Every structure is written in C-alpha cells, then in structure tokens.
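Colleague: Could you take me through the ring contacts in this model?

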Amino acid sequence: MLSAAEMALGDARRHGASAIRCFCPQLGQERKRQANLVDKVEAALNNGKIKAWYQPQICTDTGLISGFEALARWHHPEDGVLAPGEFLGAVAEAGQMSRLGKVMLYNALSALKSWDRARLDIATVAVNFSTEELRDPLLADWIKWEVDRFDLRPNRLTVEILETVAAQSEDDIIIRNIELLSQHGVNLDLDDFGTGQASIANIRRFHVNRIKMDRSFVTKLDEDPTQYAMVSAILSLAEHLGLDTLAEGVETAGEHSTLAQLGCGYVQGFGIARPMPFEDTIAWVHAYNQKLGAPTCIRRQAG
C-alpha cells in the first residue's frame, strides 16, 4: 500500500500543483520502466548511445537553410531510438543533466566544424540547456571555452532557453549566465514562446535575439482564424521589439506559406525534415539545395 501510494504521489508531483493521481497497474509498470532507464542512462552516455540528432531551420525569405537544432536521441538496445520526452526524466533522476549538456554541446560544435569542412553554408547550431544546467555558475565560461576550443565565432552557437525559465527565474546565477552568454556573443532563443507567460521586461532583460513560437500556435494556422490572429499578434510584437522569430512544429505547406506571408523569419518542423543523425545531414543538405535551385522568396504582407 505504501509503495503504491508513493508511486501515485510521485506521478502527481511531476504533473504540478493540485494534481491528483490514483495508483493503477500501468503506473507501476511505468515506474519500473523508468527505474530501468535510470540504471542504463549513465552507461548510455559513457558509450555514446545518447547523441545529438539535427533538425534544419529554414529562412522564409530565401528558402535557404539557416541552421540546425541539436536534439538528444538515445539509441536504446531494446526500444530503438528514443526521443527526449522518453528519457530526460531518467537523465535528471540519475543526476546526469550536466553530463548530457556537455555531450550535446560537443556534438553540436563538432557538427559545425564538419559542415565547414564539407563547405556547407550552415550559419548556426542551436542547443537546449535545462534550468538545472543554467544554475551552474561556471556554465557561461565553460560554453565560451568550448566555442574557443573549436575555433568558432560565438554567434554560430545559439543557446535555447525555455520561456518558463524567463517567466519564473529570480535566480541570480541563471540571470548572470544568460547575461554573460549574451556578452560573449552567443545567440539566445526564447523557446516555447507563448506557453510560459514570460514578461516583455524579461525578454528584453535577457537580451534574447529570437523567439520560438510553440507548435501549439502553428497547428492549422492556415485554417483557424483564431490561430491566425494570435500568431499575427506575436509576430507584430516581435517586430516592434526588434526580435527575430522562428516557428517550430511546421508540418504542412499551408502553415509554412502562411507564416512566411505573416513575416515569421524562420521555420522548422516535420514538414521540412525530421531530426536526423549527423551522418545523414550532409546528403540531406545537398539534396535540399539541389531541389531548391535558385533562392526563392514568398511575398510578405505589408506592415
């Protein structure tokens, strides 16, 4: 009884304040699976089984590839390739978030150097950092050291910060890290914009270069007048603040073209390409550029 109650309590806590959970057999099975993942995650990091996959980001003005986002993937021996939602909880429980961040940054910067050697024009690579990592007082200096070690300009790295961090953070260390990264010349993206209720003051305070609209705003944008109005308002706000914009979760040609017409600067999503291992990126870039041919432009709405 106590074990079942603990599992239900743990699940309720993971779902936030006021959540209520009752124990069921599926909860026990999930807890067992999670414990199994925790046991294996450190070995997976040591053996290079967790690494960065890459999803392209496209400029809506030209159609050209502007960069890639690095996304964690675990090649699990029994379950195949796992997305972050399936194992990040285990990484955190194992106390390995910092280790994962180091793996992701190393993979991302290595990829940039390889794309340079292949003479591909990939301007930036984006890497996510968790709230826990942003609390590390040495994080900003360590990132700068890694960028220098790879002999890359700082503005070729984009650090993605969740909007919930900007909305809730009163942590001096987090604020200092974000400010130092901006001073070092690293680009800053505010991720999942529209879901964390970050104030405009914090957006400016953190020297964000670009906001990333959450996919919940993008879905059926070309069919839903309410979605259209909300996205139009967000893009207008960003323009007045002098911020670039990127929409994630773009899955259809209609969503892509509507975002371009409204003035969204960049897009990414399954409608362009799914995340892919580094080994596939060079061939994909060549194929995409060949298909693109001459740079294209979608006319934006005035104002």
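This is a predicted model: local features need pLDDT of at least 70, side-chain atom pairs count only at pLDDT 80 or more; totals for chains, interfaces and linings use all residues.

Colleague: How many aromatic pairs are found in the whole structure?

Modeller: The search finds nine. Rings of Phe, Tyr and Trp (its six-membered ring) pair if their centres lie within 6.5 Å; planes under 30 degrees apart are stacked, over 60 edge-to-face and the rest tilted. Phe68 and Trp284 form an edge-to-face pair, 6.4 Å centre to centre with 75° between the planes.

Colleague: Which parts does the pair of Phe68 and Trp284 tie together?

Modeller: Phe68 lies in strand β2 and Trp284 in helix α13, so the pair joins parts 216 residues apart in sequence. Strands (E, at least two residues) and helices (H or I, at least four) are DSSP runs, numbered from the N terminus.

Colleague: Is Phe68 buried or exposed?

Modeller: Phe68 is buried, at 0% relative accessibility; buried means under 20% relative accessible area, exposed over 50% and partly exposed in between (1.4 Å probe, protein chains only). Trp284 is buried too, at 18%.

Colleague: Changing topic, which ring does Lys102 lie over?

Modeller: Lys102 lies over the face of Trp142, 4.8 Å from the ring centre. The criterion is NZ of Lys or CZ of Arg within 6 Å of the ring centre and within 35 degrees of the ring normal. The charged end of Arg210 sits over the ring of Tyr266, 5.2 Å from its centre.

Note on methods: Residues are numbered from 1 along each chain as its sequence is written. Side-chain values use heavy atoms; hydrogens and water are left out.
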